[in-house]
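Here is a protein model to walk through together. Take a look at the picture first, then we'll go piece by piece.

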Amino acid sequence: MDGTRTSPDIEEYSDTEVQKNQVLTLEEWQDKWVNGNTAFHQQQGHQLLKKHLDTFLKGKSGLRIFFPLCGKAVEMKWFADRGHSVIGVEISELGIREFFTEQNLSYSEEPITEIPGTKVFKSSSGNISLYCCSIFDLPRTNIGKFDMIWDRGALVAINPGDRKCYADIMLSLLGKKFQYLLCVLSYDPTKHPGPPFYVPHAEIERLFGKICNICCLEKVDAFEERHKSWGIDYLFEKLYLLTEK
């Protein structure tokens with residue numbers, strides 16, 4: 001590996017074990033929202049998704065779209081405005097409330113009966129429902145199957161030791177002829193402990209390869225000034241499309 005970020009063909013780091021014991025608790029994630037440490041949120045939405053959105057949707061309406069670890073992603077409104085049903089899960093109630101407030105959407109809230117002490121927030125229009133709970137508790141809610149999953153900032157935020165469990169949950173939510181859109185990051189994991197965590201292609205194959213065809217659609221330079229504080233000197237984002245084998 002040449003150590004620079006100028007070439008889009010930087011090889012992936014070979015040591016995938018270096019971050020395996022890294023752990024961030026749910027409480028620490030909630031603290032990030034309380035303290036405003038949410039640089040991962042993209043106010044203008046994800047540009048690669050915007051670029052490919054119409055190609056993915058193919059003029060369809062009424063699709064069920066799942067957003068794992070959704071935060072207050074503006075892309076949820078993109079899909080809802082196109083006539084699709086959006087379901088998200090997020091541990092931070094603050095993040096969910098900020099989504100509805102910032103998107104000027106009225107909403108209601110009700111308890112998730114299957115998971116005591118948790119809530120689901122629903123837009124008044126009825127096509128956005130955000131579950132405030134751990135992603136690992138979600139299977140208890142029987143939320144059904146999805147046509148599409150938009151996984152940006154989710155797999156890369158899951159503790160490496162929990163990835164297999166997370167991937168199994170995602171696979172269980174996929175309906176027929178699904179499209180699973182996955183964004184991951186490439187950088188030198190010996191220089192930054194994460195999150196976001198480094199997820200190489202081989203890990204995607206390990207987690208999803210038995211069920212899914214895996215195609216890397218695009219790779220872009222995502223390095224920003226703020227990333228210098230991570231101790232890294234390059235950062236690439238990759239957009240994958242996973243489809244049914």
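## The sheet

Before we start pairing things up: two strands count as a pair if DSSP finds at least two bridges between them. Keep in mind, too, that this is a predicted model. Strands of a sheet pair through backbone hydrogen bonds, either parallel or antiparallel.

Now for a real pair. Strand 7 (residues 174–186) and strand 9 (residues 236–244) run antiparallel, joined over eight bridges. One of the spots to look for is Cys183, whose bridge partner in strand 9 is Leu239.

Zoom out, and you'll find an open sheet of nine strands with mixed pairing, in the order 3-4-5-2-1-6-7-9-8. At the edges sit strand 3 (107–111) and strand 8 (212–221), each pairing on one side only. On average, neighbouring strands of this sheet are turned by 20 degrees against each other, direction ignored.

## Helices on the sheet

Helix 5 (residues 163–172) packs on the sheet, where it touches strand 1 (64–67), strand 6 (146–151), strand 7 and strand 8. The direction of helix 5 makes about 145 degrees with that of strand 7.

Helix 6 (residues 201–208) packs on the sheet as well, touching strand 7, strand 8 and strand 9. Its direction makes about 155 degrees with that of strand 8.

## Cysteines and a histidine

How many disulfides does a search of the whole structure find? The count is zero. For Cys183, the nearest cysteine sulfur belongs to Cys216 and is 9.7 Å away, while a disulfide needs the two sulfurs within 2.5 Å.

Is Cys183 buried or exposed? Buried means under 20% relative accessible area, and Cys183 has 2%, so it counts as buried. Cys212 is buried too, with a relative accessible area of 2%.

Over in helix 2 (residues 47–57) you'll find His52. His52 has a relative accessible area of 16%, so it is buried. Leaving aside neighbours within four places in sequence, His52 is in contact with Glu218 and Leu239.

## The nonpolar cores

The largest nonpolar core has 36 residues, and Phe66, Tyr131, Leu138, Met170, Tyr180, Leu182 and Phe208 have the most contacts inside it. Among the elements giving two or more residues to this core are helix 5, helix 6 and strand 7. The core draws at least three residues from each of domain 1 (25–30 + 44–50 + 61–144) and domain 2 (149–244).

Methods. Residues numbered from 1 in each chain as written. Predicted model: local features only at pLDDT ≥ 70, side-chain atom pairs only at ≥ 80, totals over all residues. Heavy atoms only, no water. Helix = DSSP H or I, 4+ residues; strand = E, 2+ residues; numbered from the N terminus. Axes fitted to C-alpha atoms, helices over the stretch in contact; angles between N-to-C directions. Contact = heavy atoms within 4.5 Å. Buried < 20%, exposed > 50% of the residue type's maximum accessible area, 1.4 Å probe, protein only. Core = buried A, V, L, I, M, F, W, Y, C linked by side-chain atoms within 4.5 Å. Domains from an automatic or database assignment.
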